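Here is a short report on one protein chain. Look at the fold as a whole, then go inside.

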Amino acid sequence: MSKVTFYPSGKSGDVPEKKSLLEAAQFLGVPLPHECGGFASCSTCRVVVIEGHENLTGIEFEEEDMMDLAALLPPHRLACQAKILGDVTVQIPGESKAIKP
Ligand code: FES
């Protein structure tokens, strides 16, 4: 289990490893947009990683492609793609608009 914390709510809890940040948010009852359903094609699930970058899986092609379209750079991640490997703290930005490719 890894401790995952979401700001601005400050809600945190233990989440099984290998779950995505989106799954962690749902597990902890933290509202997080996910317009495409978790398929790396909308960017509404974007978060900013505050601590624990090294405790997330790396950015793969689909996530990198969507982040390019949405003009996002690390420390942003797409919560549906970043899988948890250890303790992580993230911020949910105020606005998460869908990108229509
Ligand atoms: S839910 Fe659409 S990119 Fe993550």
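## Overall fold

Read along the sequence, the protein chain runs β-β-α-β-α-β-β. That pattern holds two helices and five strands. Helices (H or I, at least four residues) and strands (E, at least two) are DSSP runs, numbered from the N terminus.

This is a predicted model: local features need pLDDT of at least 70, side-chain atom pairs count only at pLDDT 80 or more, and totals for chains, interfaces and linings use all residues. Residues are numbered from 1 along each chain as its sequence is written.

## Size and contacts

The C-alpha atoms fill a box of roughly 35 × 25 × 20 Å, taken along the principal axes. The radius of gyration, taken over C-alpha atoms, is compared with a globule rule of 2.2 Å times the number of residues to the power 0.38. For 101 residues, a compact globule would have a value near 13 Å; the protein chain has 12 Å, which agrees.

Two residues are in contact if their C-beta atoms, placed from the backbone, lie within 7 Å. Take the contacts between residues at least 6 apart in sequence: 68% of them join residues at least 24 apart.

A residue is buried if 20 or more other C-beta atoms lie within 10 Å of its own, exposed if 12 or fewer, and partly exposed in between; C-beta atoms are placed from the backbone. Of the 101 residues, 32% count as buried. A nonpolar core is a set of buried Ala, Val, Leu, Ile, Met, Phe, Trp, Tyr and Cys residues joined through C-beta atoms within 7 Å.

The largest such core has 23 residues, and L21, L22, A25, L32, L78, A79 and I84 touch the most other members. Strand 1 (2-7), helix 1, strand 3, helix 2 (61-69) and strand 5 (88-91) each supply at least two core residues. Helix 1 gives the most, with four.

## Helix 1

Which residues of helix 1 are buried? They are L21, L22, A24 and A25. These cover an arc of only 160° around the axis, so they sit on the same side of helix 1. The arc is that of the directions from the helix axis to the C-beta atoms. The buried residues pack against strands 1, 2, 3, 4 and 5. Just after helix 1, G29 takes a positive phi of about 75°.

## The loop at G37

G37 lies in the loop between helix 1 (21-28) and strand 3 (46-51). G37 is exposed because 10 other C-beta atoms lie within 10 Å. The C-alpha atoms of G37 and C80 are separated by 8.3 Å, though the two are 43 residues apart along the chain.
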